[in-house]
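Student: Please take a close look at one part of this structure, the charged side chains that pair up. Then place that part in the rest of the chain.

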Amino acid sequence: MTTSFRVTKTGLRLGFAAAVAGCLAITLCAGPASAEDKVLAKVNGVEIHQSDVALAEEELGPSLAQMDPATKDENVLAFLIDMKIVSKAAEDKKVQDGEDFKKRLAFTRSRLLMDSLLANEGKAATTDDAMKKVYEQASKEIVGEDEVHARHILVETEDEAKAVEEELKKGTDFAELAKKKSKDPGASDGGDLGFFTKDQMVPEFSTVAFALEPGKISDPVKSQFGWHVIKVEEKRKRKAPDFAQVKGQIETYVARKAQADYVGKLREAAKIERMDKAAETAKTDAKPDAAKDPADSKMAPAKK
């Protein structure tokens with residue numbers, strides 16, 4: 001697995017995939033109502049609890065993202081009320097006896113069983129010892145790697161880049177000029193890209209940036225994003241971030257790897273017959289993709 005532990009500031013940076021093979025959506029099932037589980041509404045005598053709203057919010061997810069909390073709660077509760085009313089009408093019409101409904105119900109049940117079990121497996125795997133082991137292994141791989149702290153001004157054409165270069169030669173402050181001229185999202189920060197390793201930028205940019213000495217400014221450099229004028233601020237050997245900074249991402253990696261390994265073991269023990277493919281192909285396809293060794297992980301440096 002290749003994991004990025006930094007937030008991208010600009011489209012220039014080449015992001016690292018955060019996906020882990022075997023990753024499956026995790027939906028936690030709500031447990032029975034507790035004494036504190038407030039009743040929010042009743043529909044024909046059937047209670048709707050606070051826990052029902054919480055579960056619905058989890059399931060509806062992205063569609064609620066832009067709502068303020070009060071509006072969200074009101075909409076979700078209204079949705080649950082309608083759902084109770086309509087589902088009862090569906091039962092009265094014997095919708096549940098249809099073959100399509102039965103298939104969908106069976107699928108949903110299997111999915112919830114799978115998600116719940118995998119959630120438990122992931123949670124059990126994310127011990128402090130397991131996470132620190134991953135952290136230490138990844139840290140060993142990145143310590144000592146060269147990093148550059150640079151700024152850049154990004155413009156559309158070579159002529160614009162040359163004009164920027166001339167202004168800089170006259171003594172214009174690089175950061176201030178970046179704010180005025182650069183079309184990069186980081187322009188408001190004076191074109192500051194922070195520290196990065198060579199493989200975190202497009203090759204044309206990295207080659208020039210890593211060749212420059214601190215304090216020096218490059219000639220115009222062309223990349224797929226346009227024309228850059230680069231200033232190197234500092235160079236250093238890369239350091240691992242503090243464990244606390246990346247704990248959340250390590251926890252996700254450990255959980256998903258445990259889930260992938262668990263699914264892999266179940267597949268090995270299962271009898272899988274693919275009727276749509278040749279025997280050799282089916283056998284190969286039955287094997288899940290394993291997550292790469294965590295030593296391949298990339299951890300960004302701590303903030304300055």
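Tutor: E176 and K179 both sit in helix α6, residues 174-181, three residues apart, which is about one turn of the helix. Helices here are DSSP runs of H or I with at least four residues, strands are runs of E with at least two, and both are numbered from the N terminus. This is a predicted model, in which local features need pLDDT of at least 70 and side-chain atom pairs count only at pLDDT 80 or more, whereas totals for chains, interfaces and linings use all residues. Residues are numbered from 1 along each chain as its sequence is written, and side-chain values use heavy atoms, with hydrogens and water left out.

The side chains of E176 and K179 meet in a salt bridge, 3.5 Å from N to O. A salt bridge here is a side-chain nitrogen of Lys or Arg within 4 Å of a carboxyl oxygen of Asp or Glu. Side chains of opposite charge can pair when their charged atoms come close. E176 is partly exposed, with a relative accessible area of 39%, and K179 is also partly exposed, at 46%. The cut-offs are under 20% relative accessible area for buried, over 50% for exposed, and partly exposed in between, with a 1.4 Å probe and protein chains only.

The whole structure has 16 salt bridges. One of them joins the side chains of E147 and R236, at 2.9 Å from N to O. This pair links distant parts of the chain, since E147 belongs to strand β3 and R236 to strand β6, 89 residues apart. E147 is buried, at 1% relative accessible area, while R236 is partly exposed, at 24%. Another pair is D276 with R274, again meeting in a salt bridge at 2.9 Å, N to O. D276 is exposed at 56%, and R274 is partly exposed at 32%. Salt bridges that share partners also join E145, E147, R236 and R238 into one network.

A nonpolar core is a set of buried Ala, Val, Leu, Ile, Met, Phe, Trp, Tyr and Cys residues joined through side-chain atoms within 4.5 Å. The largest such core has 13 residues, and V148, F196, F205 and I230 have the most contacts inside it. β3 (146-155), β4 (192-196), α7 (203-211) and β6 (226-237) each supply at least two residues of this core. The largest share, three residues, comes from α7. Another core lies apart from this one, with ten residues, among them V164, F174, L177 and V229. I230 touches F174, and its other partners include A150, F205, V208 and V221, not counting residues up to four places away in sequence.

Elsewhere in the chain, helix α2 covers residues 69-92. Its 24 residues reach 35 Å from first C-alpha to last, close to the 34 Å expected at 1.5 Å a residue; the expected span is 1.5 Å times one less than the number of residues. At its start, a side-chain oxygen of D68 reaches to within 3.2 Å of the backbone nitrogen of A70. The buried residues of α2 are V76, L77 and L80, and they pack against β1 (39-43), β2 (46-49) and α1 (50-60). Just after α2, K94 has a positive phi of about 65°, in a residue other than glycine. K94 lies in the loop between α2 and α3 (99-125) and counts as exposed at 52%.

β1 and β2 run antiparallel, joined by four bridges; two strands pair if DSSP finds at least two bridges between them. V39 stands opposite H49 in β2. The two strands form a hairpin with two residues between them, and N44 in the turn has a positive phi of about 50°. N44 is exposed, with a relative accessible area of 72%.

For the chain as a whole, there are nine helices and six strands, and 33% of the 304 residues count as buried. Residues 24 or more positions apart account for 71% of the contacts with a separation of 6 or more, where contact means heavy atoms within 4.5 Å.

Definitions and conventions:
Polar contact = N/O pair within 3.5 Å; in protein donor to acceptor, adjacent residues only side chain to side chain.
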